[in-house]
Amino acid sequence: MLSYSSYILIALASLSVTCHALSKCPEISGLPGVPGRDGVKGLPDSLASNHNALANLKHRLFQLEAVLALNGKIRKVGEKILASNGKKADFASALQSCEEAGGTLAAPRNEEENKAIMDLVKQYNQYAYLGIRKEETSGQVKSVNGLPLSYSNWHQHEPNGKGDEKCVEMYTDGTWNDKKCNMYRLTICEF
């Protein structure tokens, strides 16, 4: 013979099965459970939502970079992104275009960056200005941000400094030449 508590448990079990099958269960509360251990404190709501928004933006940015790279519009090298719209401009206009977009004219700091810029030069089959200039007073060649060059890839017998050749262009073979700044060359920006 079953005990009274056994009948109660059987009735509750059958009620539970029936109400779940019908998706209509009355509110039956059981005994409270044993409290769990304290967890790690989370971020405040505002920081958590900012963190999630930032993670989503980073993911979207990564996707956009990948799409642009697939389409040949950009090259990613190290921490730099190189981009060109395929248009030609004089040095000042090219530099201004890059700065308005939030970057500067591409200036390679190593062989890997030089090759990535050369790939864009070859793609468009046009010489490109680099973000490198000769200083007016000293004649030293520096990047447009004023830093001395730590890498160079001059073409044979260059820079030759003829006249007012204050800017630097890249040939399709990746070598450099000093050139007048008023010539129209491919614009390649770095970000």
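Just after helix 4, Asn125 adopts a positive phi of about 50 degrees. This is a predicted model, in which local features need pLDDT of at least 70, side-chain atom pairs count only at pLDDT 80 or more, and totals for chains, interfaces and linings use all residues. Residues are numbered from 1 along each chain as its sequence is written, and side-chain values use heavy atoms, with hydrogens and water left out.

**View A. The ends and span of helix 4.** Helices (H or I, at least four residues) and strands (E, at least two) are DSSP runs numbered from the N terminus. At the start of helix 4, a side-chain oxygen of Asn110 comes to within 3.1 Å of the backbone nitrogen of Glu112. The 14 residues of helix 4 should span 20 Å at 1.5 Å a residue, and its end C-alpha atoms are 20 Å apart, which agrees; the expected span is 1.5 Å times one less than the number of residues.

**View B. The buried residues of helix 4.** Glu113, Asn114, Ala116, Ile117, Met118, Leu120 and Val121 of helix 4 are buried, where buried means under 20% relative accessible area, exposed over 50% and partly exposed in between (1.4 Å probe, protein chains only). These buried residues pack against several strands, among them strand 5 (128-134), strand 7 (167-170) and strand 8 (176-179), with contact meaning heavy atoms within 4.5 Å.

View C. The four strands follow the order 1-2-10-4 with antiparallel pairing, and two strands pair if DSSP finds at least two bridges between them. Strand 1 (74-77) and strand 4 (104-105) stand at the edges, each with a single partner strand, so one side of each is left without a neighbour in the sheet. Strand 2 (residues 80-83) and strand 10 (residues 189-190) run antiparallel and are joined by two bridges, and Leu82 stands opposite Glu190 in strand 10.

**View D. The ring pair of Phe91 and Tyr129.** Rings of Phe, Tyr and Trp (its six-membered ring) pair if their centres lie within 6.5 Å, with planes under 30 degrees apart counted as stacked, over 60 as edge-to-face and the rest as tilted. By this rule there are four aromatic pairs. The rings of Phe91 and Tyr129 have centres 5.5 Å apart and planes at 90 degrees, so the pair is edge-to-face. Because Phe91 lies in helix 3 (residues 91-100) and Tyr129 in strand 5, the pair ties together parts that are 38 residues apart in sequence.

Key. Polar contact = N/O pair within 3.5 Å; in protein donor to acceptor, adjacent residues only side chain to side chain.
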